[in-house]
Amino acid sequence: MRAVRRSHTMSMWPTDSGTSARMKRVRQVATGPELSVRMALRGIGMRFKSGNRTILGTPDLSNKRQRCLLFVHGCFWHGHPGCSRATIPTRNRAAWIRKVRSNQMRDRRVERTLRRQGYSVLVVWECETRASARLRLRLEAFVQRALKGTQRRPDLK
Ligand SMILES: [Zn+2]
């Protein structure tokens, strides 16, 4: 939300190249699916930072202190199993399959490592960000579980 409002405000002002580069980055961060997740997280009692590069895999949303990470995956690029949005094009099919598979393998590796580091990790697929009531329930349950986890492991704080 914040990002959209900001880019709207900024568009009314003349900007230097540094600023427009920053604005571009801001827009990249605030994609539709991620915004939906942000909205669903409102009032959930945990603050999330966007795209934290200090954490492996640069999670879309993170609370480092509470060890709580959210990835919002595009269904096509991350190869959502059984999803209609993840249909591989017939042209250059083999190359697409290779690309998507290597993304899936990287995702799995990243998630495994993060969990070993004591993080709670939740993946939200792009196609799941529309059913907002259901998404919110899932996020609430995830945050509750993650909080219990960090309480059980005080060494992680
Ligand atoms: Zn999907």
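**View 1. The zinc site is tetrahedral, with angles of 100 to 117° among its four donor atoms.** Here, donors are N, O and S atoms within 2.8 Å of the metal (3.2 Å for Na, K and Ca), and with water not among the atoms, sites may look incomplete. For reference, the ideal angle for four tetrahedral donors is 109.5 degrees. This is a predicted model, in which local features need pLDDT of at least 70 and side-chain atom pairs count only at pLDDT 80 or more. Residues are numbered from 1 along each chain, and side-chain values use heavy atoms, leaving out hydrogens and water.

**View 2. Meet the ligands: Cys75 (SG), His80 (ND1), Cys83 (SG) and Cys127 (SG) lie 2.1 to 2.4 Å from the zinc ion.** Along the chain their spacing reads C-x4-H-x2-C-x43-C. Cysteine 83 sits in the loop between strand S3 (68-73) and helix H4 (93-116), and cysteine 127 in the loop between strand S4 (120-125) and helix H5 (132-152), so the pair ties together parts 44 residues apart in sequence. Helices (H or I, at least four residues) and strands (E, at least two) are DSSP runs, numbered from the N terminus. Cysteine 83 is buried at 15% relative accessibility, while cysteine 127, at 28%, is partly exposed. Buried means under 20% relative accessible area, exposed over 50%, and partly exposed in between (1.4 Å probe, protein chains only).

**View 3. Serine 62 belongs to strand S2 (residues 61-63).** Serine 62 is buried, at 2% relative accessibility. Leaving aside residues up to four places away in sequence, serine 62 touches Arg47, Phe48, Lys49, Asn52, Ile55, Cys68 and Leu69 (contact: heavy atoms within 4.5 Å).

Technical notes: Four donors count as tetrahedral if all angles lie between 85 and 135 degrees; four count as square planar and six as octahedral if opposite donors are over 155 degrees apart and all others between 65 and 115; anything else is irregular.
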